[in-house]
Amino acid sequence: MKVEPNRVGAFPFHKSDPEERKKNFSEVQQSYSEEDVMKESDRCLLCGTPVCIDACPVLLDVRGMNEAVARGDFKKAHERIRETNPLLGVTARCCPQLQGLCEDACVLRWSGQPIGIGLIQRYVADWENRQQKQPDPSVSSETGKKVAVIGAGPGGLAAAELLKRYGHRVTIYEELSTPGGTAWYGIPDYHLPKDVLLYEVDRIKGMGVEIKTGVKVGKDITLSQLSDENNAILIATGSKDTVKLDTPGVDLKGIYDGYQFLETVFVNGIDSYMNNNNSNRYDLGKEVIIIGGGDTALDCARTALRLTGGNVVIAYRRTENDMPADPIMLEEAKEEGVKFRFLAEPKSYEGTDGQVMAATMNSMQLGAPDQTGRRSPQPVPGKEFKINCSSVLLAVGREPNSFLQVKAGLKTSKKNSIAINDQYKTSMKGVFAAGDVTTGETLVVKAMSSGREAAQRVHEYLMNLEENHMSFYERYYIQNSYDSMMEGGETGPPPE
């Protein structure tokens, strides 16, 4: 069978017009039609060894999804992929599929363009959301065990959903007023419409997971209190500690933490922020500099552009090829008019009456590799230059949220992350941890994977099954015959 080398439609996907979209927060990525999504799915070779599944942190059943969508069976497609992923619409939009994940692993990329897995997943998720609601996955009978999950970000939500399916009573404690973590306050609506996230959170709540918002564990209730009230605890508080810089002038007015900026803008919804005339509004002016080279720097820049309509520049100390940001989002930022200064790093900031007015930048050059293997940027003597500005947003990385482990005296590891063993256990009996709080900032889908793995360990701990641990891949793709699944059987084994 001859396979069309290029994916249906534009690569990597159709986008809204940049001149229009930069004026608002409407979604950039445009969905497939039913006809196009079936055509794209039909390109799938249904490989005997589907490496796309191996490349997905939550082991999404890509092959099963494509097989079902190609024949128009969206119900079966949804059933197959929902088994391991409770945030289908979120991850379809947020995963950088071409960067080391499923699409990057697709064998078709060697002879053309990989399958549009994210687009197909998005279509199936939106079909279920907007056209034909599907039943929740099966839930086992009550075990009588109680689990507290701390943090309602993607990792905590994924963990809680799996624990509930195992029959445990699960309560999530979230310090913010709305669940979702970084997916809620840290990813702008043009990338992830918040109604998509809220729908999937509501579906998890509908399964019986209780979410208590506005509760900060370690302040409003202690970890010891939760331990007394529950059989196990899983901490998934994410990464929130910002990297502190000591650049001269960094304390001037108009220089802001980029992560706090995004949280302030999106925590109550973009409409609320836009209609709010109080002191929470940022006065960015028309000349904005963003410092950093990751996805958050791009999100700060594109959000600032939409709020100000001004001149927005990203300054990054390495080259464009060294940027850790998703290349697709980098291209979108360029299309919208965001400007870039590479090999540039702030040396100092200058101000008038305490307000930042300019940044003196070092011109950088790449020297010998550092301990990570990346070439280390070094200032070029005598090559400083100045950029005038009305505000600066700093987005140079986040470290694990250290509040709870410091407060409760949990053993810590690198950068105040919670130290865990290979069973996700912390130094406190019955307390587990997962996601960014144990590793530092990572992808939404990787936090979910960690949360699910930890939830499995919690379940085994509660049910005395620790000696019988089985990996998710074994459970879903070996123990349960894949051929049986493709013929219409269950996608994965029922919870024990």
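Guide: Two strands pair if DSSP finds at least two bridges between them. Helices (H or I, at least four residues) and strands (E, at least two) are DSSP runs, numbered from the N terminus. This is a predicted model, where local features need pLDDT of at least 70 and side-chain atom pairs count only at pLDDT 80 or more, while totals for chains, interfaces and linings use all residues. Residues are numbered from 1 along each chain as its sequence is written, and side-chain values use heavy atoms, with hydrogens and water left out.

Visitor: What makes β7 and strand β8 a pair?

Guide: They share 5 bridges, in the parallel sense. At least two are needed, so the 5 bridges of β7 and β8 qualify. Within this pair, Ile289 stands opposite Val313 in β8.

Visitor: Which strands form the open sheet with β7 and β8?

Guide: The order is β6-β14-β7-β8-β9, with parallel pairing. β6 and β9 (339–342) each have a single partner strand, so each is an edge with one side left without a neighbour in the sheet. Neighbouring strands are turned by 25° on average, direction ignored. Angles run from 0 to 180 degrees between N-to-C directions, and axes are lines fitted to C-alpha atoms, for helices over the stretch in contact.

Visitor: How do you know that β14 pairs with strand β7?

Guide: β7 (residues 287–291) and β14 share 4 bridges, and Ile290 has Leu393 as its bridge partner. On strand β6 (residues 255–257), 3 bridges join β14, with Tyr256 opposite Leu393.

Visitor: Which way do the residues of strand β14 point, and are they buried or exposed?

Guide: Ser391 and Leu393 point one way, Val392 and Leu394 the other, and all are buried. Buried means under 20% relative accessible area, exposed over 50%, partly exposed in between (1.4 Å probe, protein chains only). In a regular strand the side chains alternate between the two faces of the sheet.

Visitor: Why is helix α5 called largely enclosed?

Guide: 7 of the 9 residues of α5 (residues 74–82) are buried, so the rest of the structure largely encloses it. Among the buried ones are Phe74, Lys76 and Arg82.

Visitor: What makes β3 and β16 edge strands?

Guide: Their open sheet runs β3-β2-β1-β4-β16, with parallel pairing. β3 (210–213) and β16 (431–433) each pair on one side only. The twist averages 20° from one strand to the next. Inside this sheet, 4 bridges join β1 (residues 146–150) to β4 (residues 232–235).

Visitor: Where does helix α9 lie?

Guide: α9 (residues 154–165) lies across β1, β2 (169–174), β3 and β4, at about 165° to β2. Contact means heavy atoms within 4.5 Å.

Visitor: How do α9 and helix α19 pack?

Guide: Two packed helices are described by the angle between their axes and the distance between the axes. For α9 and α19 (residues 444–462), these are about 35° and 7 Å. The contact residues divide into 10 nonpolar, 4 polar and 2 charged. Ala, Val, Leu, Ile, Met, Phe, Trp, Tyr, Cys and Pro count as nonpolar, Asp, Glu, Lys and Arg as charged, and the others, Gly among them, as polar.
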